Amino acid sequence: MPSSIDWVMEALQIARTVTCKSSLDLLKISRNSGVVRQVGFAFAPLWRRRDGGYLFLRRSVADRNEGGFRSFHDGSSTVGEGEDLEEIIVGTKRDGSVFGFHLNPRSGMFESGIAFFGDKKVVDSNIDAVSGREEESEGVEGEEKPQSRVTHKIIFVTAEAAPYSKTGGLGDVCGSLPISLAARGHRVMVVSPRYLNGTASDKTFAGAHDIECRVKIPCFGGVQEVAFFHEYRAGVDWVFVDHLSYHRPGNPYGDSYGAYGDNQFRFTLLCHAACEAPLILPLGGFTYGEKCLFLVNDWHASLVPVLLAAKYRPHGVYKDARSILVIHNLAHQGVEAAATYKNLGLPLEWYGALEWVFPTWARTHALDTGQAVNVLKGAIVTADRILTVSQSYSREITAVEGGYGLHELLSNRKNVLNGITNGIDVAEWNPSMDEHIASHYSIHDLSGKVQCKTALQKELGLPIRPDCPMIGFIGRLDYQKGIDLIQSAMPELMQDDVQFVMLGSGDPQYEEWMRAAESSYRDKFRGWVGFNVPISHRITAGCDILLMPSRFEPCGLNQLYAMRYGTIPVVHWTGGLRDTVENFNPYAQEGSGQGTGWTFSPLSVESMLSALRVATLTYREHKSSWEGLMKRGMERENTWDNSAAQYERAFEWAFIDPPFVK
Ligand SMILES: Nc1ncnc2c1ncn2[C@@H]1O[C@H](COP(=O)(O)OP(=O)(O)O[C@H]2O[C@H](CO)[C@@H](O)[C@H](O)[C@H]2O)[C@@H](O)[C@H]1O
């Protein structure tokens, strides 16, 4: 019987014979009786080698301790020794000859091992290639994309994904992070509804085809059949769940009469369908299988971890899967009357996971017991890990002010709670190529920006005044975004020599106010009520200042877009805004200044106006400082690749631990 080291060396010998460029194929090496036993890919990087390679070691698990593995390898030699180590993965070498290596020794003998090599098929009696996809993800030819050392099968579950559906930042994130992860070597599926509302936007789904797989979902007192549509684009499997309840005028969540009354039903369907998708959909010829990672976004997807724990694992399914809840906005939790629990297709004994009791002050009448179900809470107590979209927000939600009633539960899970700042789609938001704007510009030649401004003034019917500071706001007209502050500040702000343009839709009272303000301040104010992506690009490019007085802001994308377009953000010092906008300091760097915008606090009309006035003064009187602000913002590194690398670390941590709910 070979010793452990022999086996490692033998496998590495094979690895060296393989010439690898990328690392998409997964090869299995089987020993003894040809049985390949796949075990969890649960690794934590221990060291980064000087030559760029990684050394990984799996944490020892109590019930598998008997076959301790004693050496650390780096692909060519033993570099360390340890007791009681069970599994090891050897990461890449710079020359790409070994992508990774994974052993599962037991009682001193090797039953199996898994090696990740490159994209070349190896014909060897002990090796067979499995589940390698031939398709390459889109990218600039010849451009080296960073690749992950350990790849996963990732299932995004989301109520929106741009360009198919978008009402806000959730759509942006779920439209671009999956592409970035796929480019790094992961197999990625995004599951979201196939919304059809009878407008031109329906054609975004034209590339998705019915894959003739149907699933029957028992819920809401009956059985619902859903279909799956699929499009493979940019290296990602975009899967759209189809059901009649997704076909209606309006946006994904509501119409002019408000939120749909059956949203809990619609998103319950989404979650059940998403749990089935990896098991049954033969995408590119292969299902994703059970050993996958669910990234569940906000409350709409939050039943997924509960279903994994309550519906699947008791039957031995998804035992090796993990789930991560990504919180984009804690203010929306999917709270419904307790009586609806029986509709969700969950076993009765799992009621506690979703149980929610409103505090006395929040109850509506004396007989109201406050009993409810809270879908987001269900994910908080069952997901393996929790992420938010910035570090500051991940801290804020564990405090009573930011926790929306969930701060204690979130605090209890602090050890698995992290914040990762969103990236942006730098191809869509690029002032030197943007198809929506009047003139292109870049950090090297800013001259096009003022043309974007005058074109915007012309389009909006405002006086064409290139020197007049122009302030913009883009976003959902919602309490979160601090529209009430803008409303209160407007009479005073309109006494200054500025122009102000707002784009947004949402709360009818703010829409009404925007229309009224337009007639009160004809030469200075424009309020565009509606959702319009090209206009949002033109405002971002044309304005000098972007205002974001958000009450709370989990990350915020508009300030990131603004900085990329040389538009200076003036923001409330909260959540992701405080993490991404660096306050201007005119005295730093021997008077050449530092910072990318202005942050104000507290959240009051006075402090917002005072920040805006400092900004407009700087714009008028300190041109070189202004240009410095613009350039530092434009230079910021906001690509998704940065964030994707941090997501990968969270994936590794998720697989190190056993499932949170077994
Ligand atoms: N009327 C309109 N017309 C055209 N485009 C419009 C628009 N209104 C909004 N948008 C666009 O929608 C996106 C909004 O992004 P935010 O980050 O501000 O979003 P939101 O609060 O929805 O998202 C939540 O999720 C995101 C993603 O994680 C977090 O950044 C954020 O803090 C959190 O509240 C931007 O792309 C913006 O341009």
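Helices (H or I, at least four residues) and strands (E, at least two) are DSSP runs, numbered from the N terminus. α4 itself spans residues 303–312, and nine of its 10 residues are buried. Buried stands for under 20% relative accessible area, exposed for over 50%, and partly exposed for what lies in between (1.4 Å probe, protein chains only). Among the buried residues of α4 are Leu303, Val304, Pro305 and Tyr312.

A word on the basis of all this: the model is predicted, so local features need pLDDT of at least 70 and side-chain atom pairs count only at pLDDT 80 or more, while totals for chains, interfaces and linings use all residues. Residues are numbered from 1 along each chain as its sequence is written, and side-chain values use heavy atoms, with hydrogens and water left out.

The unreviewed UniProt entry annotates residues 153–411 as "domain: Starch synthase catalytic"; positions follow the numbering used here, feature names are shortened, and such annotations may be inferred rather than shown by experiment. This span is 25% helix and 27% strand, and its end C-alpha atoms lie 29 Å apart.

Now to a hairpin. Strands β12 (residues 209–219) and β13 (residues 222–233) run antiparallel and are joined by eight bridges; two strands pair if DSSP finds at least two bridges between them. Two residues separate β12 from β13, and Phe220 in the turn has a positive phi of about 50°. Val215 stands opposite Val226 in β13.

The structure holds 19 salt bridges, each a side-chain nitrogen of Lys or Arg within 4 Å of a carboxyl oxygen of Asp or Glu. Here are three of them:

| Salt bridge | Closest N and O atoms |
|---|---|
| Glu225 – Lys216 | 3.0 Å |
| Asp484 – Arg551 | 2.6 Å |
| Arg620 – Asp497 | 3.8 Å |

Asp484 sits in helix α10 (residues 483–493) and Arg551 in the loop between β27 (545–548) and α13 (558–564), so this pair ties together parts that are 67 residues apart in sequence. Arg620 belongs to helix α15 (residues 605–621) and Asp497 to the loop between α10 and β25 (499–504), so their pair links parts 123 residues apart in sequence. Arg620 is partly exposed at 33% relative accessible area, and Asp497 is partly exposed at 31%. Salt bridges with shared partners also join Arg184, Asp641 and Glu648 into one network.
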